[in-house]
Amino acid sequence: MKRLLLLLAFAGVVALMAWGFNQAIFVAPTEATMGDVQRIFYYHVPNAMLSFLFFAISFVASILFLAWKNSAPERAQAADAWALASAEVGVVFCSVVLITGPLWARPVWGIWWTWDARLTTTLILWLIYVSYLLLRRFAEGAQMQTLAAVLSIFGALDVPIVYMANRWWRTQHPAPVFGGGPDSGIKDPTMLAAFGWNVLAWAAWGLMLLAFRVHVERRQQRIRHHQTVAALAGK
Amino acid sequence: MSGMNDNSGSQNSSSKNSSSKKSSLKNSRSLRIVVAVVVVLGTIGYLAYTGQASAKSYYVTIPEMQKMGAKAYSSNLRVEGFVKPETIQQDGPNVRFVLSEYESHNPKAQQNPRQITVDYRGSEPPPDTFKNDAQALAIGTWGQDGVFHATQLQAKCASKYAPAQGAATSGAKVATNEAPVVAHGNRTN
């Protein structure tokens, strides 16, 4: 029964993503100034928004880990699993942003990359969380979890800077699409719908990944715990 | 907390001593965390503040470049403006055009906007989005001859998305079979 429900959820997410793809590639009208390449928008922006969400989850879970580390060790381990899993999913989404960005920039701006504030802060965000994942891979134990939690909190501080970069500074990157003044926004309901569907589809996919990953990590924690107990008992 | 102190007061002096040591250790630890947080937030705040002040660092506008004086001739600049319609003269990858302070539909563009001639010589032609009224960045140097000699051209696109004429909502089925539809002057400002 549980397996069937999981399969249904998985099929639902895949269907949602297929529907989002259809909306972005076939249903939404071609953009006036950029042409078909503007369809990258339906991937680039939802992925950026969701990477912020997952880094925010990692941030909150890391704070909870530090708060519960001594007082509630079992809850702290759960928080640690959430922090790790959401950082991983966040890196996946942030990678999509950093890949789709240059693909869009090359035909539209004439360059693959430039060191403006938006692009640079996003790359830094990605690097911080990649280093977080490296730390988690190459070190072990309670000390590593504490260091990782601090690194995740530090990394998440970059999220508001990335978000504000094209508001605070002059950038190559365009002004925000939403709430970016009179020369911004989506002027067509079909385009807006395609964008909304893709935010929804990618959110569903990301949250599903997160749920699976947390589940796996909790199991691994239990395995490690049993191994430690067995080793201490001298078996 | 104070209740705990009262209890320890009634106990022997050695446990009282160790508990006060523990709490001072805890205090110094939280002090260190506070200091670290202040340093990190202070750095971010400082960066944001100085960044705010040097917000113009990525590019300069035409009036800003003209106000730079002699420095404008000696520095490598990235200057921003709008391509004045019908001024693009293309010769292979090279382009000569007029860069204006305002978009031509902007009412301010009627009142003698500041504009410069840009002479671009590069290895590859500018992007397709480089056209009449496009917001563009020219990278190069301002010559004494009053012409901006660019080695690189970048278009800067608006974050406003509107369907191409003839492709509106009826679907991209038509549009995907054609070359990207280019609509001129449908941007209002």
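**Stop 1: strand 2 of chain B**

Start by selecting residues 77-83 of chain B: this is strand 2, and six of its seven residues are buried. "Buried" here means under 20% relative accessible area, with exposed over 50% and partly exposed in between (1.4 Å probe, protein chains only). Helices (H or I, at least four residues) and strands (E, at least two) are DSSP runs, numbered from the N terminus.

Before going further, some housekeeping: this is a predicted model, where local features need pLDDT of at least 70 and side-chain atom pairs count only at pLDDT 80 or more, while totals for chains, interfaces and linings use all residues. Residues are numbered from 1 along each chain as its sequence is written, chains are lettered from A and ligands numbered from 1 in the order in which they are written, and side-chain values use heavy atoms, leaving out hydrogens and water.

- Strand 1 of chain B, residues 60-61, runs parallel to strand 2 and is joined to it by two bridges. Pick V60(B) and you'll find its bridge partner, V79(B), in strand 2.
- Strand 6 of chain B, residues 135-142, is antiparallel to strand 2, with six bridges between them. Click E80(B); its bridge partner in strand 6 is L137(B).
- Strand 4 of chain B, residues 94-100, is also antiparallel to strand 2, with two bridges. Here V83(B) stands opposite L99(B).

**Stop 2: a buried lysine**

Next, select K156(B), in the loop between strand 7 (147-155) and strand 8 (159-161) of chain B.

What the side chain of K156(B) does reach is the backbone oxygen of T171(A), at 3.3 Å. Show everything in contact with K156(B) (heavy atoms within 4.5 Å), leaving aside neighbours within four places in sequence: from chain A you get T171(A), Q172(A), H173(A) and P174(A), and from chain B, Y59(B), Q135(B) and A136(B).

**Stop 3: salt bridges**

The whole structure has eleven salt bridges over all chains.

- E101(B) and R114(B) meet at 3.3 Å, N to O. The two are 13 residues apart, both in the loop between strand 4 and strand 5 (115-120) of chain B. E101(B) is buried at 14% relative accessibility, while R114(B) is partly exposed at 37%.
- R39(A) and D36(A) form a salt bridge, with their closest N and O atoms 3.0 Å apart. R39(A) is buried at 6%; D36(A) is partly exposed at 23%.
- R224(A) and E217(A) form another, at 3.2 Å between the closest N and O atoms. R224(A) is partly exposed at 41%, and E217(A) is buried at 4%.

**Stop 4: zoom out on chain A**

Finish by coloring chain A by secondary structure: seven helices and one strand, in the order α-α-α-α-α-α-β-α. Of its 235 residues, 48% are buried.

Notes
Polar contact = N/O pair within 3.5 Å; in protein donor to acceptor, adjacent residues only side chain to side chain. Pairing = 2+ DSSP bridges. Salt bridge = Lys/Arg side-chain N within 4 Å of Asp/Glu carboxyl O.
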